[in-house]
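Subject: Handover of a structure

Dear colleague,

Please find below the sequence and the structure that I am handing over to you. My notes on the findings follow directly after them.

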Amino acid sequence: MNLSVITRVFGVAAMVLSVFTYAQDKAELPEQTLFKNVNVFNGVDKQLYKNYFVLVEKNRIKAVSPEPIAANAKAVVVDGSGRTLMPGLIDAHVHLNLQYLNNPAAIDGVSNMTWEEIGAMAYDAAQEFLYSGFTTVRDLCGMHDGMRKHIESGTLIGPRMYLAGACISQTSGHGDWRTNAQVLGDDGNKVGQVQALGITTLADGADEVLKACRNNLAGGADFCKMMAGGGVTSMRDPLHSIQGTMDELKAMVTATSQWDTVGAVHAYHDDSVERALKAGMMSIEHGNLMVKKSTFKLVKKKGAFVVPAMAGFSEQLLKHPQYGNPDLPLRGKVMQIIENYDNWLKLANETNINIGYGTDVVVSSKLASRGIRDFQMGQFSEGFGNYKTLVALTSANGRLMALTGKNNPYPAKLGVIEQGAYADIILVDGNPLEDISVLGASFDMWAAPRASREIKSIPFVMKDGQVFLNKL
Ligand SMILES: [Zn+2]
């Protein structure tokens, strides 16, 4: 055999071997798993179903019953010992690749980071979500389906992911993180690092929005996100600004609806929320500055969701070195939001709009990020009560994920314990309807964060029928 033949033979052998290894990463699921002696919170009803049985077959829930369920002889049996069995939690607003940047320059700091750093941090954040009971996250800026692909194949460990791809912003909008040189100087018209990495994209005019949105869909996005109004953390756009023309907003709705999915918008105040809803957007990220009842009513009428970052309403945010600094413009923006809390909460409850649960933590250290995440849950429950918080964390967020329609990467039900739903299940010590802290909720944003990624009172986490944590 000459050298080229040998190379070819080995090349083919190596390819076969690598394909084989890749496919083997996915764990073999037990045919059945039977949970007994559990109290079920099903994600919907305001009660625990005591002493229930839940049967999982492969990656789906097959039966839920107060009577013993006949399982296969080989079924794995999990004795819950009276613990609460509930759906895996869903966080509907995360930024995996912006969460742990641990960089005093905030998002601008990305300019000095490589993909290697950002990717490593993002993967750690993804794992932490899963081990703390979050079996699904929805990323609202910058994650394409690279990491998800490897989680789905079993090579990496993490939650299910719904992805928006690069968030789309107008020039000078909430997604414009270019340097001054890139905006005004010799580097004018060059893209910034945040854009170069595909975390945000700038688009002006309906055609560019169509293109940007379609690029995201081509990169594996399940839905798209656009900046429709001013932001708190960004410096080029005043908080009161309206972003995106009606044509641009409608262009995104066209591109997403042709894929049978939806558009989400970053929008705080009435004007930007109203315009987005009228264009056909279905998910309002933030909405914390909505003051008019008519805006809430429009959300209700359209069947859209608002996903507020509840920590933004808390005066505890003023202890933050930047958000609370009277010399920085951030403080003024934060104060507007804090001052609107009572009115906002009253209208949200009165109009009974769809509220999703999302934490939106960005550019914190790893431990601070966890502390703020835990606080979001406490703040949410103080506003809406434990039951509504639990619904938002499970079935309501499950309905929000399902808005991705035929583009839904996980088409069975999420966020509920019922026949046919995905087997995304956590076991909890205690009753979260009575005490939300058993899910990790904290009431102090700056409390000493947990040293562990896990929550002590969540000893068991199953995603897609596979057990990722079992301390029973
Ligand atoms: Zn966000």
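This is a predicted model: local features need pLDDT of at least 70, side-chain atom pairs count only at pLDDT 80 or more; totals for chains, interfaces and linings use all residues.

Cys 141 and Cys 167 form a disulfide, with their sulfur atoms 1.8 Å apart; a disulfide here is a pair of cysteine sulfur atoms within 2.5 Å. By this rule the count comes to one disulfide. Cys 141 lies in the loop between strand E7 (134-139) and helix H3 (146-153) and Cys 167 in strand E9 (residues 167-169), so the pair ties together parts that are 26 residues apart in sequence. Helices (H or I, at least four residues) and strands (E, at least two) are DSSP runs, numbered from the N terminus. Both Cys 141 and Cys 167 are buried, where buried means under 20% relative accessible area, exposed over 50%, and partly exposed in between (1.4 Å probe, protein chains only). Cys 213 also counts as buried, because its relative accessibility is 0%, and Cys 224 is buried at 0% as well.

Residues are numbered from 1 along each chain as its sequence is written, and side-chain values use heavy atoms, with hydrogens and water left out.

Zinc site

The zinc ion has three protein donors, namely His 93 (NE2), His 95 (NE2) and Asp 360 (OD), which lie 2.0 to 2.2 Å from it. Donors are N, O and S atoms within 2.8 Å of the metal (3.2 Å for Na, K and Ca); water is not among the atoms, so sites may look incomplete. Along the chain the donors of the zinc ion follow the spacing H-x1-H-x264-D. His 93 belongs to strand E6 (residues 89-94) and Asp 360 to the loop between strand E15 (354-355) and helix H12 (366-402), so this pair ties together parts that are 267 residues apart in sequence. Both His 93 and Asp 360 are buried.

Strands

Two strands pair if DSSP finds at least two bridges between them. E7 and E8 are joined by four bridges, and Thr 136 stands opposite Arg 160 in E8.

Strand E1 (residues 32-40) is mostly covered, with seven of its nine residues buried. E1 pairs with strand E2 (residues 49-57) in the antiparallel sense over six bridges, and Gln 32 stands opposite Glu 57 in E2. E1 also runs parallel to strand E4 (residues 76-79), to which four bridges join it; there, Lys 36 stands opposite Asp 79. Two bridges join E1 to strand E5 (residues 84-87), again in parallel, and Asn 39 stands opposite Thr 84 in E5.

Helices H7 and H8

The axes of helix H7 (residues 246-258) and helix H8 (residues 270-279) come within 9 Å and cross at roughly 50°. Axes are lines fitted to C-alpha atoms, for helices over the stretch in contact, and angles run from 0 to 180 degrees between N-to-C directions.

Yours sincerely
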